[in-house]
There are 10 protein chains.
Amino acid sequence: MSLIGKEVQPFQAKAFKNGEFIDVSEESMKGQWSVVCFYPADFSFVCPTELEDLQNNYDALKELGVEVFSVSTDTHFVHKGWHDSSEKINKIEYAMIGDPSQQISRNFDVLDEESGLADRGTFIIDPDGVIQTVEINAGGIGRDADNLVGKIKAAQYVRSNPGEVCPAKWEEGTDTLTPSLDLVGKI
Amino acid sequence: MSLIGKEVQPFQAKAFKNGEFIDVSEESMKGQWSVVCFYPADFSFVCPTELEDLQNNYDALKELGVEVFSVSTDTHFVHKGWHDSSEKINKIEYAMIGDPSQQISRNFDVLDEESGLADRGTFIIDPDGVIQTVEINAGGIGRDADNLVGKIKAAQYVRSNPGEVCPAKWEEGTDTLTPSLDLVGKI
Amino acid sequence: MSLIGKEVQPFQAKAFKNGEFIDVSEESMKGQWSVVCFYPADFSFVCPTELEDLQNNYDALKELGVEVFSVSTDTHFVHKGWHDSSEKINKIEYAMIGDPSQQISRNFDVLDEESGLADRGTFIIDPDGVIQTVEINAGGIGRDADNLVGKIKAAQYVRSNPGEVCPAKWEEGTDTLTPSLDLVGKI
Amino acid sequence: MSLIGKEVQPFQAKAFKNGEFIDVSEESMKGQWSVVCFYPADFSFVCPTELEDLQNNYDALKELGVEVFSVSTDTHFVHKGWHDSSEKINKIEYAMIGDPSQQISRNFDVLDEESGLADRGTFIIDPDGVIQTVEINAGGIGRDADNLVGKIKAAQYVRSNPGEVCPAKWEEGTDTLTPSLDLVGKI
Amino acid sequence: MSLIGKEVQPFQAKAFKNGEFIDVSEESMKGQWSVVCFYPADFSFVCPTELEDLQNNYDALKELGVEVFSVSTDTHFVHKGWHDSSEKINKIEYAMIGDPSQQISRNFDVLDEESGLADRGTFIIDPDGVIQTVEINAGGIGRDADNLVGKIKAAQYVRSNPGEVCPAKWEEGTDTLTPSLDLVGKI
Amino acid sequence: MSLIGKEVQPFQAKAFKNGEFIDVSEESMKGQWSVVCFYPADFSFVCPTELEDLQNNYDALKELGVEVFSVSTDTHFVHKGWHDSSEKINKIEYAMIGDPSQQISRNFDVLDEESGLADRGTFIIDPDGVIQTVEINAGGIGRDADNLVGKIKAAQYVRSNPGEVCPAKWEEGTDTLTPSLDLVGKI
Amino acid sequence: MSLIGKEVQPFQAKAFKNGEFIDVSEESMKGQWSVVCFYPADFSFVCPTELEDLQNNYDALKELGVEVFSVSTDTHFVHKGWHDSSEKINKIEYAMIGDPSQQISRNFDVLDEESGLADRGTFIIDPDGVIQTVEINAGGIGRDADNLVGKIKAAQYVRSNPGEVCPAKWEEGTDTLTPSLDLVGKI
Amino acid sequence: MSLIGKEVQPFQAKAFKNGEFIDVSEESMKGQWSVVCFYPADFSFVCPTELEDLQNNYDALKELGVEVFSVSTDTHFVHKGWHDSSEKINKIEYAMIGDPSQQISRNFDVLDEESGLADRGTFIIDPDGVIQTVEINAGGIGRDADNLVGKIKAAQYVRSNPGEVCPAKWEEGTDTLTPSLDLVGKI
Amino acid sequence: MSLIGKEVQPFQAKAFKNGEFIDVSEESMKGQWSVVCFYPADFSFVCPTELEDLQNNYDALKELGVEVFSVSTDTHFVHKGWHDSSEKINKIEYAMIGDPSQQISRNFDVLDEESGLADRGTFIIDPDGVIQTVEINAGGIGRDADNLVGKIKAAQYVRSNPGEVCPAKWEEGTDTLTPSLDLVGKI
Amino acid sequence: MSLIGKEVQPFQAKAFKNGEFIDVSEESMKGQWSVVCFYPADFSFVCPTELEDLQNNYDALKELGVEVFSVSTDTHFVHKGWHDSSEKINKIEYAMIGDPSQQISRNFDVLDEESGLADRGTFIIDPDGVIQTVEINAGGIGRDADNLVGKIKAAQYVRSNPGEVCPAKWEEGTDTLTPSLDLVGKI
């Protein structure tokens with residue numbers, strides 16, 4: 001069974017954020033919308049562009065009340081080291097969680113046991129800590145953070161308007177569908 | 001561990017396609033690229049718009065050498081019944097697989113055991129039958145089939161150009177990255 | 001051991017009845033006599049004629065204080081879709097239970113695990129929720145709902161007249177047998 | 001799962017037939033159609049009328065190529081004793097199988113373990129030894145052997161005409177349905 | 001270990017006695033001496049002569065305060081049927097217990113699991129429900145009820161005269177042995 | 001299940017016979033009829049009279065082709081010691097088996113595990129080593145060896161005349177019954 | 001681990017002593033020093049001489065406050081029988097325990113399971129029921145009871161003089177060693 | 001069960017003998033008679049006098065073809081150290097086996113698991129490596145090696161004269177008993 | 001996982017120290033810094049020089065508030081014996097623990113199960129009984145106790161100055177590093 | 001049991017060495033002497049000084065035929081990133097192994113499961129891949145690589161001169177001890 005509809009499992013970790021080391025836990029992913037973005041390894045290739053792309057959307061996401069967390073099985077020390085070294089990573093303002101114990105990656109079912117690295121998984125979590133969307137790509141296929149904004153708007157709309165549903169391709173402001181028995185087999 | 005990089009597991013099923021009942025198996029998902037789109041139930045609300053959206057991209061996907069399969073735990077009889085009843089579904093030309101034994105939904109880890117219905121999962125499978133991307137949304141959040149085309153192009157590029165990687169937001173024709181030791185920590 | 005004399009096991013389900021979606025449970029099968037009629041699949045062949053035949057006897061059954069439930073592993077959405085599409089099914093006034101989780105079919109020992117579909121089983125249940133008769137036919141052999149009425153009358157007579165027994169071919173108004181030691185070996 | 005579609009399991013037993021003790025086994029139930037009629041106890045009340053009713057239909061059943069077997073957990077000695085004592089039973093020409101080891105009753109899932117007696121189950125078995133219909137009534141509700149003839153004709157028709165199906169209430173000579181895709185949702 | 005010295009295990013059964021059906025249990029075998037006589041099958045060959053022989057001793061046994069029970073795995077219905085049919089059995093006045101659930105035969109370790117019939121075992125039980133003697137013969141070797149009377153007298157004497165023992169061949173009125181240390185190795 | 005109809009299980013033991021120590025095994029109980037007589041303890045009370053009684057019948061038994069074995073859990077040394085000390089035991093000519101390892105007593109289900117002594121069981125074994133009769137008495141109730149002769153004659157008659165059966169009270173020369181279907185319920 | 005330093009395990013048994021049968025248990029081996037002498041079998045060869053030898057030392061042992069028990073897996077009846085028959089055994093005044101249930105022999109780890117007989121083990125037990133010495137000889141090698149007296153004196157001295165130790169060959173009245181650090185490596 | 005009659009189990013160890021370190025194994029205890037003498041600890045109190053006493057008997061034992069081994073859980077290094085330090089131990093000429101792995105002490109069932117030290121056990125082993133006598137004393141009670149010589153002579157006599165047995169107190173040259181049936185109960 | 005950071009497990013033992021036998025336990029290793037030095041065997045080759053070297057550093061260690069314990073699987077008796085015999089060992093003033101039960105060696109993971117001897121492991125334990133350093137050498141490679149002093153000073157400095165860390169080659173008085181975020185990747 | 005004397009277990013990993021990514025396995029640690037140095041984390045505090053210190057001894061170690069490997073659970077990508085960023089680390093010429101799967105750290109028993117980081121363990125491995133020394137320090141206590149050179153010389157001397165042993169504090173050129181029996185207890 002997928003993780004959709006499941007609450008984030010407990011964890012304890014250190015993260016690097018804004019030049020500081022901070023403590024994060026599953027509680028940090030509650031009370032606001034969260035995007036959690038796993039990637040395999042600091043100082044590797046696709047990752048910086050994906051993380052940079054996420055940073056570029058960070059302001060838009062924050063306006064939507066979304067907090068962003070990146071996670072790899074590297075330590076928070078390495079996140080700082082990478083932040084210092086890489087021009088793209090240096091821009092990052094969101095929390096970069098270190099998961100050397102592999103606990104968080106295992107909790108989100110994205111740990112590759114053989115390599116000890118995380119798959120490229122992105123999760124949207126609602127303010128109750130419940131996972132709303134999962135997206136995982138094989139190595140080499142980059143993620144596009146722009147879609148995240150759209151998905152979050154749809155998820156927020158569904159949460160705010162129980163009883164209505166978003167059709168495919170829904171965009172903010174367009175009509176949504178309100179389910180009723182008459183619609184069965186008619187749409 | 002996620003299903004990324006895993007081969008599709010064996011199954012036997014009936015599908016409705018182009019006015020006929022056909023046999024499908026895991027072999028049907030090899031030899032070309034495949035998109036497999038799970039949804040909870042025929043004659044329900046969001047589903048038709050998602051499936052219609054997928055149909056609208058069907059020609060584009062076929063040009064890229066991609067075959068499309070939709071799957072629910074309804075029977076192939078019901079798929080035909082729905083196809084006959086619903087204007088949107090009536091347009092569908094790709095194979096609608098019936099999974100009343102729930103085997104395929106279980107194989108792809110998207111079966112909700114309590115309800116007996118599938119989560120809204122979309123999978124891109126390469127010509128070797130290996131899963132390249134997974135995307136799953138909670139009920140109510142529609143999927144946008146347009147992204148699928150972009151993801152498949154990226155996946156195909158990576159497969160055709162081993163040794164290069166697609167950065168985030170990659171689009172056909174833009175530059176990709178060729179990994180080399182010098183790039184470590186420099187991007 | 002057969003299910004004869006066993007009480008209906010607990011379940012929770014949705015049904016389509018009279019243009020509405022309703023909740024049903026094992027409690028819905030208590031307090032009056034019930035007929036529960038399993039069949040494999042909506043939008044398939046024998047099924048509609050059997051269900052229509054049952055509908056044709058519905059008034060007679062209701063006069064006997066009997067409620068009728070049909071069950072397949074299709075969803076209640078599909079039942080509505082079928083009800084809208086099929087002339088025969090459209091006549092149906094009794095509750096059509098959706099059992100996509102396969103729980104009810106398993107409880108009544110009529111689930112074919114390989115196909116995920118129910119066998120063609122008919123059950124008469126007394127007002128205490130206790131199964132009084134079971135009848136199951138292989139695919140292709142239709143059931144005749146007329147017999148149901150006779151069986152129910154016999155079952156009701158036995159319940160109302162403890163100590164008497166119905167001989168074979170018993171019909172309302174004919175003599176029944178009252179067991180006594182003298183009858184042993186004499187009938 | 002019900003016994004429908006399952007082959008009769010092996011057994012060895014003695015039966016009383018036509019004034020003789022004969023050996024019967026699961027092989028005796030192959031090569032022709034068979035009706036197997038379980039009942040709780042010799043020298044009890046409803047049973048003789050049911051068995052007499054079955055005898056009255058014996059000629060009709062034999063014309064359809066059907067062999068009849070009655071089974072209780074009494075011995076073949078008792079069957080003979082009952083045959084000698086009871087006017088109704090004395091007419092019986094079919095084989096009365098003794099099942100004191102309870103093996104056959106267990107094989108057909110009709111043994112009540114607490115009492116050591118069989119439920120009132122009737123089974124139609126095709127020439128391959130495969131169970132086609134099951135009917136079981138609680139104590140006191142007599143069975144009507146007339147229905148058996150109709151059911152067997154339907155079962156024989158389905159076997160002889162693969163690809164056609166009998167609608168409910170089918171009687172010899174009336175039209176049957178030949179399944180085709182066009183009929184889905186149309187009947 | 002043999003059943004000698006063990007108390008009769010609990011059971012519930014129906015018996016035929018003096019033209020009536022009565023309830024019997026292990027309690028029926030307490031408060032007086034009991035003879036329990038198992039035999040394989042009603043309407044079989046040796047059995048009637050053994051049971052008749054037991055009936056011929058019934059008055060003598062009752063004078064000794066002994067109740068008699070015969071047991072087979074036939075039902076109490078069959079016992080009545082046999083009692084009606086057989087001249088020898090018709091004389092029987094003691095309780096004929098029906099054991100179709102095989103529980104009593106199993107409790108007394110005389111059930112032949114393969115045939116479902118009881119071995120020819122005779123048990124003497126004292127007023128505390130404790131088994132004092134066991135005798136079992138293979139099929140075909142008849143039992144002689146006369147010996148029972150002698151055995152019961154010996155058993156009653158031992159019970160009434162604790163501290164004395166009956167030598168072999170003891171008959172009522174002859175000397176018994178009172179054990180004392182001096183007798184060791186001297187008899 | 002009783003030991004009736006079971007073959008004697010393998011054992012190795014020493015016996016005292018005719019002033020010598022001899023080896024005995026289950027093979028010693030084949031090829032002729034055997035009586036095996038268990039008793040609790042040498043130098044105890046009832047036992048000598050029972051064993052003397054058996055000796056008094058020894059010639060009659062030998063004429064019938066029967067060998068006699070007594071068994072206790074005492075050693076063969078003790079059997080010799082008792083034979084030397086006791087007037088009654090001194091007459092014994094049959095083999096007195098020592099069973100200190102308790103194996104034979106366990107094989108014949110007569111070992112009382114708590115005391116380590118054998119119950120008073122007598123077994124008749126046919127020339128194939130198959131147990132034909134079992135008789136066990138509680139302590140204090142002596143056995144009468146005279147009955148043994150009658151039982152053995154009956155057992156031998158049944159073995160020599162397969163198809164006939166001995167009614168109760170059968171004595172040599174009287175009529176036996178030959179089972180036929182006509183006798184069912186008629187005797 | 002050997003039994004040295006272990007307390008005697010509970011048991012219940014009968015013994016022959018001074019012309020009477022008495023009850024003995026593990027409690028009988030507490031409150032005074034005890035010698036327990038196992039041997040294989042009454043009426044066998046070495047045993048009488050060993051037991052006679054033990055009797056010859058019985059007065060000396062009693063003066064030391066020692067009680068003596070002999071044990072074999074024979075019954076107390078046999079002990080009496082042997083006592084009556086054998087000149088040597090007839091002298092014995094100590095308790096001869098019967099262990100036909102083999103419990104005591106098993107408790108002292110001297111039971112040969114195959115033969116059901118005890119090994120020739122001698123145990124010295126202190127007033128707390130704790131085993132102080134064990135001596136076991138193979139069959140044929142007689143024990144010399146004289147040594148027992150010496151061993152018991154040594155054991156009693158050690159118990160009465162905690163902190164001193166007896167060197168080898170210690171005899172009453174000679175010097176013992178009082179352990180002190182200075183003696184290490186110096187003796 | 002005791003170790004009497006069991007073969008020495010395999011082991012590998014180092015010993016100190018005659019100023020050298022040698023390898024010993026269970027094979028060293030075959031081909032001649034052996035005495036194996038366990039003791040708790042080098043440099044402790046009773047031990048040296050016991051080992052000295054054994055040395056004093058060494059010549060006598062060797063004349064009887066007996067090899068002597070002492071064993072403690074100390075190493076062979078410690079044995080040499082003790083041999084150098086202690087006047088009494090310095091006389092020892094037999095092999096002093098080191099058993100720091102505790103394997104030999106465990107094999108002979110004399111290891112006290114809590115302290116890691118061996119009980120004071122002495123074993124006589126015949127030339128086939130089979131244990132003939134066991135003697136174990138609690139701490140503080142010294143062993144007398146003189147008895148060993150007598151025991152070994154008895155053991156050798158029994159081995160050389162199969163069919164004769166040594167009575168208790170047997171000494172070289174005195175009469176032994178040859179077992180015969182006549183002696184039973186007569187000695 | 002290594003033992004670093006784990007608390008010493010409970011044990012009970014005897015040690016030789018300053019001409020006396022004393023009790024030691026895990027509590028003896030708390031309240032001050034401890035060095036625990038395992039070695040294979042008393043009276044062996046490298047060991048004395050290592051232990052002498054440790055003694056030579058004993059005063060320096062004591063000034064640092066460190067207690068020293070040596071441990072082998074020899075007994076405390078042997079430690080005294082060795083202390084008396086060896087010139088080098090005779091100098092030792094610290095506690096020499098005897099571990100014949102092998103418990104302590106097992107607790108510190110240095111027991112070689114095959115030989116029953118300890119590996120050459122040295123442990124530094126802080127005043128809370130927590131292991132701070134482990135060093136183990138194969139046989140033949142001697143340890144240099146001088147390093148211990150340096151290591152202990154470093155360990156004590158870290159304990160006294162939480163938040164600072166000792167770089168490699170740290171010696172008393174030189175600068176240490178105080179970790180701060182700015183140092184990451186900069187040292 | 002410690003890892004001393006055990007062969008390195010198989011593993012597969014990537015390392016950064018001399019500006020390249022190379023494959024390493026347990027085979028890389030055979031054929032020459034190896035030093036394997038675990039540390040918790042790149043970009044942390046003590047670690048760089050320890051690794052620098054090791055680099056400073058690298059030439060000396062190579063002259064002794066020793067290869068050096070550092071290992072942390074960081075990836076080889078991170079090792080390169082750190083090598084680029086840190087002045088001290090930039091000097092390193094030996095292979096820096098990435099162990100993100102934690103396999104090597106687990107093999108050497110230095111993985112802290114809770115943090116996912118390695119303890120500060122240093123191992124010397126001989127040319128057969130057998131571990132000769134282990135040294136592990138708690139966090140904060142730096143290691144001194146100078147000692148390594150001395151230890152390796154001692155280890156090499158022992159390997160080249162079997163039969164001699166190095167006393168504590170051994171340095172190249174000083175005398176070693178050749179073990180002989182005479183030395184026991186004399187050094």
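Reply: What follows is a set of questions about this model, each answered by setting a value against a definition. The model is predicted, so local features need pLDDT of at least 70 and side-chain atom pairs count only at pLDDT 80 or more, while totals for chains, interfaces and linings use all residues. Residues are numbered from 1 along each chain as its sequence is written, chains are lettered from A and ligands numbered from 1 in the order in which they are written, and side-chain values use heavy atoms, with hydrogens and water left out.

Me: Why is Phe16(D) called buried?

Reply: Buried means under 20% relative accessible area, exposed means over 50%, and partly exposed lies in between, using a 1.4 Å probe and protein chains only. Phe16(D) has a relative accessible area of 3%, so it counts as buried.

Me: How do you know which kind of aromatic pair Phe38(I) and Phe123(I) form?

Reply: Rings of Phe, Tyr and Trp (its six-membered ring) pair if their centres lie within 6.5 Å, and planes under 30 degrees apart count as stacked, over 60 as edge-to-face and the rest as tilted. The ring centres of Phe38(I) and Phe123(I) are 5.8 Å apart and the planes stand at 80 degrees, so this pair is edge-to-face. Phe38(I) belongs to strand 3 (residues 33–38) of chain I and Phe123(I) to strand 8 (residues 120–125) of chain I, so the pair ties together parts 85 residues apart in sequence. Strands (E, at least two residues) and helices (H or I, at least four) are DSSP runs, numbered from the N terminus. Both Phe38(I) and Phe123(I) are buried.

Me: Why is helix 3 of chain D described as largely enclosed?

Reply: Helix 3 (residues 76–85) of chain D has ten residues, and eight of them are buried, so the rest of the structure largely encloses this helix. Among the buried ones are Phe77(D), Val78(D) and Trp82(D).

Me: What is known about Cys47(A), and is Cys47(A) buried or exposed?

Reply: The UniProt annotation "active site", from an unreviewed entry, covers Cys47(A), although such annotations may be inferred rather than shown by experiment. Cys47(A) is found in helix 1 (residues 46–56) of chain A. Its relative accessible area is 1%, so Cys47(A) is buried. Leaving aside residues up to four places away in sequence, Cys47(A) touches Tyr39(A), Pro40(A), Ala41(A), Trp82(A) and Arg120(A), where contact means heavy atoms within 4.5 Å.
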